[in-house]
Amino acid sequence: MMSETALRDLNTLPSSDRKNESSSKGSFAKPFVGSANENVDVSLVSTHVNGNQTGNAGPGIANSEVEYIDSENLIDVEDIDTSVKTLVAGLDSKDWVVVCEALNNVRRLSIFHKEAMLDILGDVIPLVVKSLKNPRSAVCKTAIMTAADIFSAYNDHMIDLLDPLLVQLLLKSSQDKRFVCEAAEKALVAMTTWVSPILLLPKLQPYLKNRNPRIRAKASMCFSRSVPRLGVEGIKEYGIDKLIQVAASQLSDQLPESREAARTLLLELQSVYEKSHGSAPATVSDSPEMDSWENFCQSKLSPLSAQAVLRVTNIAREGLVIGS
């Protein structure tokens, strides 16, 4: 079950969640440069470039840069024990630059020494979530990149700590600040790549019914990416009937991303169903076989939902036939 805090987070998108994307000037490839229009006391900002302190910004000036380093370009920590011992304090610091450095140390430890951090993962992840909520974009984006590296390193070991992290990533991937949004989408891809679908799908399912259409869309895309990783036998074990009902509910969703994710999932389910029944793709006829895809849809869905699902899958099949 999701906590009350998680539900509150989900139902309250940042104020930047508007259709106007004119403020989306962050470049995913370029370093973020802190500016005075963010919610921080700029008189307290230290200037760090590549981890080296170069001075303090005076009142009203935010002369600071944070470089976003791709995972493959991160270098190992100099001292494992010291890094681990100071990690929690760094993540909980009031100095945002110190927090960013600590987040990058989490990434380094995840990549090079994941066993060393395993015992304190329960303390680290809530602080990463705290940074995801930070109004300063540099902290938020660094935390998002940290989440992606945590997924890659710890896989199913962090499933019990996933809910608050997932809430924030869905929120950040749904906002208008493009460079934050793109980073969050990458982290969600990492999540669906590295966390076992059998554990992840039940975590995602509640968000498919969230009242915010953007949240539903992002969750639908994650769900659609995760299902094929179950494999044919895994999908059958999970229940094609359950999955087809989920996909059918997203077909009429508000946003095109949800609908496209549902179509992709339905085609996957159709393929698995027909393979598992050892027959050529069934077509609508006067006397369809009892185990046909059409009959299966009609037996598991309402008439309107079944009609919508069959329209999607039959159009796709006809396209394949024409193109062959």
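Me: How far does helix 6 reach from its first C-alpha to its last?
Reply: This is a predicted model, so take the value as computed. Helix 6 has 18 residues, and at 1.5 Å a residue the expected span is 26 Å. The actual reach from first C-alpha to last comes close to that, at 25 Å.

Me: And how many of the residues in helix 6 are buried?
Reply: Buried here means under 20% relative accessible area. Helix 6 is mostly covered by that cut-off. Out of its 18 residues, the buried count is 17.

Me: Take Thr-142 in that helix: which backbone oxygen does its side chain reach?
Reply: Thr-142 sits in helix 6, which runs over residues 137-154. Its relative accessible area is 2%, so Thr-142 counts as buried. Its side chain reaches a backbone oxygen at 2.7 Å, and that oxygen belongs to Ala-138.

Me: Which residues does Thr-142 contact, leaving aside neighbours within four places in sequence?
Reply: Contact takes heavy atoms within 4.5 Å. With the neighbours within four places set aside, Thr-142 is in contact with Val-66, Tyr-68, Cys-100, Leu-103 and Asn-104.
The list in short, then, is Val-66, Tyr-68, Cys-100, Leu-103 and Asn-104.

Me: What comes just after helix 6 with a positive phi?
Reply: Helix 6 covers residues 137-154. Just after it, a positive phi of about 45 degrees is taken by Asn-155.

Me: Which residues have the most contacts inside the largest nonpolar core?
Reply: Nonpolar side chains tend to be buried together in soluble globular proteins. Here the largest nonpolar core has 86 residues. Its largest share, twelve residues, comes from helix 6. The residues with the most contacts inside the core are Phe-151 and Met-191.

Me: How far apart are the end C-alpha atoms of helix 5?
Reply: Helix 5 runs over residues 121-132, so it has twelve residues. Its buried residues, including Leu-121, Val-124 and Ile-125, pack against helix 2, helix 3, helix 4, helix 6 and helix 7.

Me: How far apart are the closest N and O atoms of Glu-233 and Lys-236?
Reply: Both residues lie in helix 11, three residues apart, or about one turn of the helix. Glu-233 is exposed at 54%, while Lys-236 is partly exposed at 36%. They form a salt bridge, with the closest N and O atoms at 3.4 Å.

Me: Which residue does Glu-260 pair with in a salt bridge?
Reply: Glu-260 is partly exposed at 43% relative accessibility. The closest N and O atoms are 3.0 Å apart, and the partner is Arg-263.

Note on methods: Residues are numbered from 1 along each chain as its sequence is written. This is a predicted model: local features need pLDDT of at least 70, side-chain atom pairs count only at pLDDT 80 or more; totals for chains, interfaces and linings use all residues. Side-chain values use heavy atoms; hydrogens and water are left out. A salt bridge is a side-chain nitrogen of Lys or Arg within 4 Å of a carboxyl oxygen of Asp or Glu. Helices (H or I, at least four residues) and strands (E, at least two) are DSSP runs, numbered from the N terminus. Buried means under 20% relative accessible area, exposed over 50%, partly exposed in between (1.4 Å probe, protein chains only). A polar contact is a pair of N or O atoms within 3.5 Å; within protein, one must be able to donate a hydrogen and the other to accept it, and residues adjacent in sequence count only if both atoms are side-chain atoms. A nonpolar core is a set of buried Ala, Val, Leu, Ile, Met, Phe, Trp, Tyr and Cys residues joined through side-chain atoms within 4.5 Å. The expected span of a helix is 1.5 Å times one less than its number of residues.
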